[in-house]
2 protein chains.
Amino acid sequence: MSTQVAPADATRGRILLAALQLFATKGYQSTSIADILQRAEAHSGSLYHFFPTKQDLLLAVLESYRDGIGPMLLAPAWQGISDPIERVFALLGAYRRALESTQCTYGCPIGSLALELHEPDPAVRELLAANFRGWVGHVRACFEAARERLPRGQDPEQLAVFALTTMEGAVMQSRTHRSLAAFDASVAALRDYLQRLEADARGEGS
Amino acid sequence: MSTQVAPADATRGRILLAALQLFATKGYQSTSIADILQRAEAHSGSLYHFFPTKQDLLLAVLESYRDGIGPMLLAPAWQGISDPIERVFALLGAYRRALESTQCTYGCPIGSLALELHEPDPAVRELLAANFRGWVGHVRACFEAARERLPRGQDPEQLAVFALTTMEGAVMQSRTHRSLAAFDASVAALRDYLQRLEADARGEGS
């Protein structure tokens, strides 16, 4: 248990966490600097010291999502699960729980920012892309680990991109309908596809 | 050829079209009333006469997307194509062309609004949902028309929701990466899934 956090770092951390939470729940444009200061219980001088512009804060939020994929997202979702294909569905299950625990108001923060920001600055777009690449890279590694259970020539990168497509499109629809039905239908279709691929690799047909 | 459009209707139409285009290219929050007036070449009195609030304009834009799915989206995409499963891929092909012709800056306007508006008014959310239901309904009819080519018990609604999931998730990634690769990978995976379902229904295995 570390209590050795320097006060300046603690303030920076509070501001960053407040921005992360507000961008995720209200959106980037709708979040004001005043909202962030109030939530972080910080003064504007501290904020501008660490983050001269609102975009600097957005970049730091996107970096923390990128760096948090392993410890914050995958580690809890994959705890106790070693089967690589089940890990993919356990990850999708984590998004289902996020929808469920928010009465389906949850949106993937990266996906929401990727569509909210219509003309993102190149540095912002690159960090959004880096988040997608990180997610896809970890899921591709799952499909690579299950390579002998998939038909020869099946591209693990394509499957990983398709898994991210499934999560993002399914969260969007469930959020809009305020119902898990579209999420569950999409994940069931992806599961059916994977089972057919596995049956094919076993030589059973689908 | 009708030249009998009343001037008031023409003004309302210009304002609506300007709002539709600006919400699609800049987003809802980033579009100001002044932007809309400038693009529509209209006076604020006309705008407030037809649309007392910015949200009234958003509702009218969402109604025009909902009513335009057939004539504006499906009719051009499906011209000359009668095979119901090919119609699904022709519809996805229309989104690919939208990405291609905009150097992958295109975003589905409904999907973008669905994620940009974090706490939409119930009337707005219902119209976003109605747009998704309309799209899914037309695509479900395609899968219903191809029912004998699919395995018994395969749910056409589930496949249609999954097709929308694929489009939305794939557009989001391609837009973010400024590359067609993620869109093409996702549609190729959906195509592979459909081909395996058809092979299964023919009794060939996948």
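Me: What makes the copies, chain A and chain B, meet through the same surface?

Reply: In this predicted model, 100% of the interface residues of chain A are also interface residues in chain B, so the two copies meet through the same surface.

Me: How many cavities of 30 Å³ or more are counted, and what lines the largest cavity?

Reply: The count comes to one cavity of 30 Å³ or more, and the largest cavity holds about 40 Å³ of space. Its lining consists of Leu20(A), Phe23(A), Ala24(A), Tyr65(A), Pro109(A), Ser112(A), Leu113(A) and His118(B). The elements that give two or more residues to this lining are α1 (7-26) and α6 (109-116) of chain A. By class, the lining residues are six nonpolar, two polar and no charged.

Me: Why is Arg178(A) called partly exposed?

Reply: Arg178(A) has a relative accessibility of 28%. Buried requires under 20% and exposed over 50%, with partly exposed in between, so Arg178(A) counts as partly exposed. Arg178(A) lies in the loop between α8 (156-177) and α9 (181-201) of chain A and has a positive phi of about 50°, although it is not a glycine.

Me: Why does Gln103(B) count as exposed?

Reply: The relative accessibility of Gln103(B) is 61%; exposed means over 50%, so Gln103(B) counts as exposed. Gln103(B) is found in the loop between α5 (84-101) and α6 (109-116) of chain B. Although Gln103(B) is not a glycine, its phi is positive, at about 50°.

Technical notes
Residues are numbered from 1 along each chain as its sequence is written. Chains are lettered from A and ligands numbered from 1 in the order in which they are written. This is a predicted model: local features need pLDDT of at least 70, side-chain atom pairs count only at pLDDT 80 or more; totals for chains, interfaces and linings use all residues. Side-chain values use heavy atoms; hydrogens and water are left out. Contact means heavy atoms within 4.5 Å. On a 1 Å grid over the protein atoms alone, a cavity is a set of points where a 1.4 Å probe fits but cannot get out, and a pocket is an open set with protein on both sides within 12 Å along at least five of seven lines; lining residues have an atom within 4 Å of a point. Grid points are joined across faces, edges and corners, and a volume is the space filled by probe spheres set on the points. Helices (H or I, at least four residues) and strands (E, at least two) are DSSP runs, numbered from the N terminus. Ala, Val, Leu, Ile, Met, Phe, Trp, Tyr, Cys and Pro count as nonpolar, Asp, Glu, Lys and Arg as charged, and the others, Gly among them, as polar. Buried means under 20% relative accessible area, exposed over 50%, partly exposed in between (1.4 Å probe, protein chains only).
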